[in-house]
Each structure stands twice: as C-alpha cells, then as structure tokens.
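Please keep the structure open as you read.

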Amino acid sequence: MSERGPTASAIHDLLPTGIGGFEALATLALDVRWSWNHGADHIWKQLDNDSWALTRSPWVVLQSVARDRIEHLMADAAFRGSVQTLLEARRQAEQARAWFQEAHADSPLSSVAYFSMEFMLTEALPIYSGGLGNVAGDQLKAAGDLGVPVAGVGLLYSQGYFRQVIDQEGRQQAVFPYNDPGQLPITPLRRPNGEWLRFQLRLPGHPIWVRTWQVRVGRSRLYLLDSNDAANFPAYRGITGELYGGGPEMRLQQELLLGIGGWRLLGHLGIRPEVCHLNEGHAAFAVLERARSFMQASGQRFETALAATRAGNLFTTHTAVAAGFDRFEPELIDRYLGAYAEVELGIGRRALLALGRANPEDSSEPFSMAQLALRGSGAINGVSRLHAQVSRRIFAPAFPRWPATEVPIDHVTNGVHVPSWDSAAADELWTRACGPGCWLRSPETRTIEELSDEALWAFRNAGRASLIEHGRERLAQQLMASGADAEAIDRVRHILDPQVLTVGFARRFAAYKRPNLLLHDPQRLLRLLSDPGRPLQLIIAGKAHPDDAPGQALIAEWTRFIRRTEARRHAIFLADYDMLLTERLVQGVDLWLNTPRRPWEACGTSGMKVLVNGGINLSELDGWWAEAYTPEVGWALGDGREHGDDPAWDATEADALYSLLEREVIPQFYERDADGVPKAWVARMRQSMARLTPRYSSSRSVREYVERHYLPAAARYRDRAAARGEKARNIADWLASIEQGWSELRFGAVRSETRAGQHRFEVLLQLGKLDPESVRVELYADAPDGGAAERHAAIRVHALADSPGMHLYMADVPAARPTEHYTVRALPCREGVSVPLEARQILWQR
C-alpha cells in the first residue's frame, strides 16, 4: 500500500494546494504530534488566531484561513523558516533511533496491532468517551515516542460520543454534532492506483462497504474504519454513528466491524502483526478473523489456527464488574456469525457460542466478548494491581475448581502520556530540572527534589491562576449558550479566587463513582467553601451517559447546590467535560479528588495527570492509588476494604472526607512561612511529582507491555506458526486428547509419613489413556498468611504392573505444616502451553 501526499488523498479539492508551502503546512497539520508537541502552535496562531483558539485544530485552521493570508505569511522568510525547521524536526524525530531500537535491536517483534473501541488523541478528533480512549491514545503516543512498532485500529464515528449542555434548570442535555471527515486530521487510505481503500463485510441480508482512514500520530499510525459509505444500505451507514450508542444489535455490528473488519484492513495494508493487543473485549472478534486468516494462509483447521494465533494475542481488561462486559443473546450471535463460523471457520454454531461462554456447556449463557477474548488470548492483564485481583474473581467461573489466585490474570498499571497533559510551565520546569525529552527515558527526578520551595510554589500559583481565568471564561460561554442574562454572565467573570485552595473533581457521573460524596452534608461543605480565613473552592465537571438517569440526577444535584447564593462564588460546574477541559483542570488544580466505591475503579488515570503539574491527590484507596499512596505524596480515603454500596459506609466516608479536609488538607495549604510559602504542602507536592510522575507515565507502561508481553508473545507466535503451524497443530491435538481423556483420571490411595523433618507423600493416580508426561501431580496448600500458595511437584515413580493405567507418585515437603494442610491435585502439563489459560482441567483428591 503506497502512501500519497497529505493533500493528494484529501476528500475534496477546495484546499489551496497551489500556494507554495501549503503542502508543508498540511504535512504538519495532519500529524497529531502537534497536540502534545506545541512547537508549531505559533504557526497556527499566526495563520488564524481566532480559529485556533476555538478549535485547537491546525487542519481546520488551514481550511478556513484566507488564501491571501497563507500567501502573505509564506512570503515571509522568518515564517517560512519556522515551517521548514518544524518539518526537519519532525523528520529527525521519526528517523531517530528510539528506546525500542536501542534496547531491542534484535527483537522478533515487527508489528503490534492495538485494537480499541475509542482513542483519545486530540480534541480535534473527537472519537472518544473517557478512560478507555484515554489509555489507548496515551499508549499509542508513547509507543511512537519510544519507537515501538504499534499500529492502532479503531472506528471513525460520524457523531462520536455526545456533547453536554447544561440547561437553565441545571439539567444535562445531550447533543450530537456531526464529525465532518473533511475537517478532521485524517486522510483516506488509498490503493496504489489511487482508489479509496474500501472493502466489503458480510452482514445478514446485505453486505456492508467499509471505508478506511489513517491518522498520523508521530511515528505511529491509527487506522480507522467507518460504515458511512453512500453504497451502503441506509441502516448500515449509521453503524459507526455514535460511540456507545444504540442497542445490543448496533453494538454487535460495531464490534464486528472493529474486530473482523479491522484485522482484514491490516491484511489489505500488508501489515502482519505478531501481536494483537485487545484493549478491552470489544475487539475480540479479531481473535476469530486472525485465526481465519491463518487458516487461509496455512491450510490448517480452526483449532490449529487458534492455537497458533492466540499465542500472539494479549487481552487487557478494564472492567471491574462482570456486568460491565458486552454480552449478546445466542440468537443474535447465531444470526450474525453462524454462517461465518460454518463457512469461514469450519466450526459449528455451537462451537462458536462455546468460545464466548464461561461454561461452554450452558446453552442459556449469553455470548460474552470478554470470554471470547479470554479463550483467544495467550495472556490477560488488568490495569492495576488491585484490578488484577478483582479480575481474577470475575473470571473465576471460567476456571472451575481452580483457586482464584491462580486464575491467569496479571497486571500492568496504566500510565499517562505526560507531554499531553503537562502545562507549558510544567514542561519548562521539568526540562530545566531533568533535561529535554526526559519522558523518552526514565527521568532522574532527584533534580526535582532539589528545586527550591519558592520556585515550586510560584509554579503552582501560576497554574492555579491560569485555570481560574479559563474557568471564568468557559463558564461565561456556557451561560451564554444556555440563554442566561447579561448580568449573570458578567457575574461569573468575577467568581473564584486565584489565591484560594482549588479542588477539582471531574469524571463520568455514575453512582459507583460517588460524585456526590462531598455533598453528603451540604452545610458542612458550605462552611468549608465560605471560611473567611481558609476558604476552599471547587471546579466540577463530568458527563452522565444519556441513558443513565441516576447519573444525570447527580449532575442536577451539584448544579442546584452551586446555584445557591452561599456557594455560587466558590464552586462552578463546567459543562462538556472533554480533552481540552481535562488539560486545563489537571494543569491548574491544587487537589484532585476521587471518591469511587472500592474496588469499582479499575485504575483511573485522571489523578495521574495532575502529578507532572504539581497537583496532589486525595483519593479512595482504589485503582492506581491503592498501590501509589504513601503519606508523603497525598491523602487517602477509606480503609482498603470493600463495602459495596452500603449507604452507612458512604456516610462514614463522607465524614472522613470532611475531617481530612478540615484537619489536614486545608491547614497545610494555608500555613505559610515568612515568605508566604506553605512548606508542608510544597514538601508533599515535591514528593508527589518526583516519586509518582515517572512511575505512572505511559512511557513506563508501554515499556512494561513490550518487555513483559509483546516480546514474549511475538516469540511464542512465531514458534507456533512456523512450518505452517506444525507446533500449533501438535498443541491442538494434545489439547483435544486432554479434553477427551481427562474424565478417566482417578486418584487412588494417598499415604503420608513424617521422618527427619520431612513429610513424604505417596499418591496413586489412574491416568487411563493419557500420556504420563501430559499430567503434573502436585501437593497444594493455601498460604496461611493469604500470600502465595505452596505448590510441590510430585515425581512419577513407576506404573503399577498389576493395575493398567495406575501410576505411583511421590513428593517430599518440609514438615513445617501438618500433612492435613496439603491436598493432592493433578493438572495438564506440556512445555509451551499456558495452564490453566489454554488447558483448564484440574482434578483434586477428594
């Protein structure tokens, strides 16, 4: 697939391509690297400052600016020189040897396909909702920074996620503006002959044409698919209309397009990834299509193809409750995928449905995308240490009789792309302290600890003042849009105080996030806000899903409170929480508040974004904060245990939150030395910046994914796929033999004796027709302190001559615990096969 110039593939010919230098400007504008590398901002401001201020989209600026303005500026040697300097810097950045090339020069990894339902890259490309897209976008950016060969695959939504308006009654209204592809920083993918790369997918009753696009993200590429093709049946054109919109059938259609269509697109582009990273289960149909393409290339059956390809698949789950996974009725799956299973995969419809069930034998169980991802991947991870523990409980039903601690899910804690979220002042401070490009490596944060208290406090004051100014202006625009009178609009330009402790709370409004915890005692909150000597001020933002009435009621509760006369000067609600507002908030708040019910926050990345900017976290001990918190870096809420949705516990935690603010947070902020510096606050701020910012960056998380998952997965896939999948065929045959013969296993007598400080166990096991090398016998004991369980392998001594299939095993263990603490068990065993992920059988001594 050839890549043509950025404007050669434009949708229309209305752009001023004949102007000298326009191609150079278009090249810069169509690389969303500008969204975090602000070196080109002055170019777009000079072209059209008003358009730039409103849209933050260079591509929109280029389309709206007058031709004579472009000609005038390109005739200026200084402006033209700046453009050429930026182009050269871009070229050097793309060609330089980055971390991956230096650290893994001989790696077998040539390509990773990263599938996600949403990507948050820039507000100029609004195809995201929240946390999932945030992680996807930040990891794609970091991968490019580090030189990791990752290509993103997603959907282009014509309306995206809804935009929020707060009406005069304080209620949320949802609006869905159209995403004009011509104004987005994307270009159609073209075949070598110039034809738009489109292809067909089969859906019931009518084929669907899929259009394809690309987004340049520094070194990385994001490939997008959409269904809004004029050749499509009208109902199909809207499949990629709304992100997370419509009913189950619409969601299934989107996920078919993402998974099956996305993998086929990679094939059209000539991209053959060793690793397929599923960012949540939405894209799990890629598991099937990857297996199908392997079948086509190798001539192998589906079971062999799955054994080969799953070794290169990684499933990252972000969901903390089982009900959060997409599940579909069997009849719907059968209608959309039954023929695909029989004709393309060569398997029956019942076998297809079994791939999406925790219990393959339960015909009433819905088809779960998470279960399909689980059965089709070689590794699974949660997004924080606590979330991995929660996920092991959630997926335990898929591993019957296995201890929850052995459910094969580990974790890679999320991180944020620091250059996307730091303010210009923060970038300057960190560059001065740690050197340029410090996020491309592990920065030496000792230098942050050496910055003076005065410098850090001045930096914090400037960030807060900038946020207050932005908040006033944004709220004024918000009121104008809702039809407020001139007096009300003028009044908001004077609310909030740039010298006051500023607390931010911004996230999706859902009951489990408890956004109203701070409103539990309104009078107590009002006293905190209006304290004449040590006041507090709040900036609140967030959306509730249009179908989430309780979440919308929580927004209305906040807006009613803020409109009270006593509160209106000290608290604001900023509508339409988006990426631009997030940037402003995390760059300016002093304290970031997060109050979810543990353990329902899988990770949470919003609090990570304040770290580089000197903000401090006060959060429930959930998600990332459960592993990040120490008293030196912030404040914690909760006792580290689970309490469900108990209203009494909510009341207890609300009281604890008020007390924490009253007794620790507010006093530390206002207790100043002779120079007006709050020494204790700055000390905590310094430790938060130095200890946590590098640790919770996406540079760290992507390096961790590369070394713990991508490289091993690529090696496993290449090994299984070699020689047209010969090893994968052997593994598939072995798995079938285990499935068929496991029911014949029976434990016989188990004897033990103790001598010389050792317990010796002798175990009889009837193997039936199974190869003794395929079974591992162990002594198992739960850890007394809740830590790692004890596992001791038994040695096969010999077969019993007088009892066909019966074998004697023996194991010695230290006599530190009574023999009755140990239980004998048998499990499948084969080198290179992940147990229990690929072979879930287990037999316990009764």
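In which loop is Pro 599 found? Pro 599 sits in the loop between β18 (591-594) and α24 (606-609); helices here are DSSP runs of H or I with at least four residues, strands are runs of E with at least two, and both are numbered from the N terminus. A cis peptide bond links Arg 598 to Pro 599, with omega at about 5 degrees.

Before going further, a word on the source. This is a predicted model, in which local features need pLDDT of at least 70 and side-chain atom pairs count only at pLDDT 80 or more, while totals for chains, interfaces and linings use all residues. Residues are numbered from 1 along each chain as its sequence is written, and side-chain values use heavy atoms, leaving out hydrogens and water.

The chain has a mean pLDDT of 94 (the predictor's confidence in each residue, from 0 to 100), and 98% of its residues reach 70 or more. Over residues 2-13, however, pLDDT is below 50, and this stretch has 29 contacts in the model beyond near neighbours in sequence, a contact being heavy atoms within 4.5 Å. Where pLDDT is low, the predicted coordinates should not be read in detail.

Pro 836 lies in the loop between β27 (823-828) and β28 (843-844). Arg 56, in the loop between α2 (41-55) and α3 (58-64), has a positive phi of about 50 degrees although it is not a glycine. Most residues other than glycine have a negative phi, and most peptide bonds are trans.

Now look at helix α10 (residues 285-298), whose axis comes within 8 Å of that of helix α11 (residues 302-309) and crosses it at roughly 115 degrees. Axes are lines fitted to C-alpha atoms, for helices over the stretch in contact, with angles from 0 to 180 degrees between N-to-C directions. That makes α10 roughly perpendicular to α11 (65 to 115 degrees; under 35 is roughly parallel, over 145 roughly antiparallel and the rest oblique). Residues in this contact include Leu 288 and Phe 294 of α10 and Phe 302 and Leu 306 of α11.

Helix α10 also packs with α9 (residues 248-268), at an angle of about 35 degrees and with the axes 8 Å apart. Among the residues that meet there are Leu 252 and Trp 263 in α9 and Phe 285 and Arg 290 in α10.

Finally, the structure holds 26 aromatic pairs: rings of Phe, Tyr and Trp (its six-membered ring) with centres within 6.5 Å, stacked if the planes are under 30 degrees apart, edge-to-face if over 60 and tilted otherwise. Trp 558 and Phe 561 have ring centres 5.8 Å apart and planes at 90 degrees, so this pair is edge-to-face. Both lie in helix α22 (residues 549-562), three residues apart, about one turn of the helix.
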